[in-house]
Amino acid sequence: MTKILVIAEHAADTVNPSTAKSISCAADIEDAEIHVAVFSDNGESVARQVAALGSVSRVLRIDNAANETLLAAVVAPQVVAIADGYTHIFGPSTTFGKDLMPRVAGLLGVNQVSDIMAVLGSHTFKRPIYAGNAVVTVEASAERTVVATVRTASYKAVSDGGNAEIDAISVEADLPTHTRFIELLAGSSDRPDLQTAAKVVSGGRALASSENFEIIYKLADALGAGVGASRAAVDAGYVPNEMQVGQTGKIIAPDLYIAIGISGAIQHLTGIKDAGTIVAINKDPDAPIFEVADIGLVGDLFSIVPEFQAAVGG
Amino acid sequence: MDKILVGLKRVVDYNVRVRVRSDGSGVNTDGVKMSINPFDEIALEEALRIKERGEAKEVIVVSIGTPDAQQQLRTGLAMGADRAILVESDTAVDPLTGARVFRALIEREDPGLVLLGKQAIDDDNNQTGQMLAAIWNRPQATFASKIEMTGDTARVTREVDVGLEVIEVDLPAVVTTDLRLNEPRYVKLPDIMKAKKKQLDQLSINDLGVEIATPIKSVGFEPPAERQKGVIVEDVAGLVSALKDRGLL
């Protein structure tokens with residue numbers, strides 16, 4: 001009997017799309033009964049959103065004042081306290097899940113399957129290694145709980161239409177006080193979230209300054225797109241790190257990805273290879289980005305981008 | 001704080017594009033350049049800076065692996081680490097076993113801080129630091145882009161998906177490093193000579209009494225799916241029309 005517990009990611013009162021994608025991965029395992037745990041200080045609204053997702057049969061709502069900010073050290077012992085009876089525990093491969101799930105695995109005394117990109121069986125999965133230069137098929141022991149993170153870019157969100165029961169439960173666990181949340185410095189932006197946007201425009205080192213990045217923002221706004229950047233642009237200080245797309249930044253799968261002045265280092269390509277259509281604009285016709293681009297345009301970005309923006313009505 | 005423990009994993013250099021062997025038995029690492037995992041190098045740089053500010057007395061670098069990993073430990077010593085420990089293993093250890101090795105070394109060394117890279121760029125697991133913090137029952141601060149030592153605590157800025165999260169952890173603690181934490185120093189020739197005289201202890205996993213964990217088995221390797229090569233358009237008008245054809249505009 002396969003019973004999977006998925007740990008919901010949410011911010012305040014809104015469930016993160018990574019949750020529906022993790023559920024989608026869990027649902028790829030045959031005959032799985034899927035429960036979702038919502039840890040919060042008040043999870044009423046999030047639990048209701050999760051209960052409406054397809055494939056979910058039960059939502060566990062664990063309210064505790066200590067869960068206001070979801071620190072891994074505080075959440076992990078609570079996950080372990082309810083882990084009994086589950087064959088699998090899944091979380092998203094976002095910074096939330098990457099922080100939390102190995103701590104859960106450590107407490108359970110098991111290794112973790114990181115970044116599931118495909119399910120081949122209840123204990124057999126595919127995952128990327130070497131910055132995506134290779135894909136390995138792995139087998140987890142059937143004797144142990146499978147703790148795993150799900151590479152969200154590999155999965156579509158599970159559809160709505162669920163009607164799971166919600167159980168508010170209390171969990172007995174010693175919660176540490178050695179780790180304390182101080183503050184979240186969020187980049188304020190009205191643009192679509194990079195991780196979930198249907199369209200993304202990214203700029204690279206060729207932009208040459210943070211001022212010049214303005215043309216990327218303007219094009220993105222004309223297209224209703226999120227904005228990303230290469231690691232080179234982040235390293236050069238043109239944009240903050242949370243905009244970084246690639247193996248060491250965000251791995252994304254928008255319908256349309258437009259790479260501007262990005263040469264296409266392997267670690268960047270790893271972050272976009274599941275995108276629907278990739279457009280590359282670069283002055284170097286030999287840039288590796290053209291090897292993966294569906295549509296390429298060779299030329300000076302400083303003249304092309306404003307013209308493109310005008311053409312799409314921005 | 002007296003000691004900082006830093007993990008240095010020997011990995012294929014980040015500039016090498018590894019390829020899967022044609023028989024699918026693994027990736028080809030014969031004769032390729034090996035280096036310190038870049039995130040671990042950042043961890044060591046940070047430890048050295050903390051020591052140079054007078055906030056720690058000794059920096060100990062640790063590697064788990066074959067005797068070849070002495071090279072990376074010597075590089076770490078040349079960067080400025082005070083001494084090194086090689087925990088020998090013929091095969092690559094899984095993250096949980098790695099965490100148990102560090103846990104055993106913590107018993108011996110009693111560090112105030114353990115600094116590790118957030119992930120190794122070979123298996124990309126991103127697990128060991130969190131697992132160590134779990135089995136040690138101590139705080140973890142993953143994906144650090146800033147570390148401020150404040151006596152018995154550390155204030156760590158973390159790179160999270162929505163921006164930067166600041167947390168405070170009691171010491172001792174495990175901190176894992178992200179790219180923007182610092183830029184590691186270059187090693188100078190005289191330091192390489194000096195490093196040869198520094199202490200490098202060799203132990204086995206057995207010496208530490210560590211139980212090997214059940215690994216996640218790798219049963220096959222394949223290259224990533226290739227994307228089809230696309231079209232080159234001549235100008236913006238061509239780009240707009242190609243996007244319209246695909247229903248994207």
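How much accessible surface does chain A have, and what share belongs to carbon and sulfur atoms?

1. Chain A comes to about 11500 Å² of accessible surface, and 46% of this belongs to carbon and sulfur atoms. Areas come from the Shrake-Rupley method with a 1.4 Å probe.

2. This is a predicted model: local features need pLDDT of at least 70, side-chain atom pairs count only at pLDDT 80 or more, and totals for chains, interfaces and linings use all residues. Residues are numbered from 1 along each chain as its sequence is written, chains are lettered from A and ligands numbered from 1 in the order in which they are written, and side-chain values use heavy atoms, with hydrogens and water left out.

3. Of the 314 residues, 59% are buried, meaning under 20% relative accessible area (1.4 Å probe, protein chains only).

4. Chain A holds nine helices and 18 strands. Both are DSSP runs: helices are H or I of at least four residues, strands E of at least two.

5. An open sheet of 10 strands, with mixed pairing, runs in the order E13(A)-E9(B)-E8(B)-E7(B)-E10(B)-E6(B)-E1(B)-E4(B)-E5(B)-E11(B). Strands pair if DSSP finds at least two bridges between them. The edge strands are E13 (179–186) of chain A and E11 (200–204) of chain B.

6. Strands E1 (residues 3–7) and E4 (residues 58–65) of chain B run parallel, joined by five bridges. B:Leu5 has B:Ile60 in E4(B) as its bridge partner.

Definitions and conventions
Buried means under 20% relative accessible area, exposed over 50%, partly exposed in between (1.4 Å probe, protein chains only).
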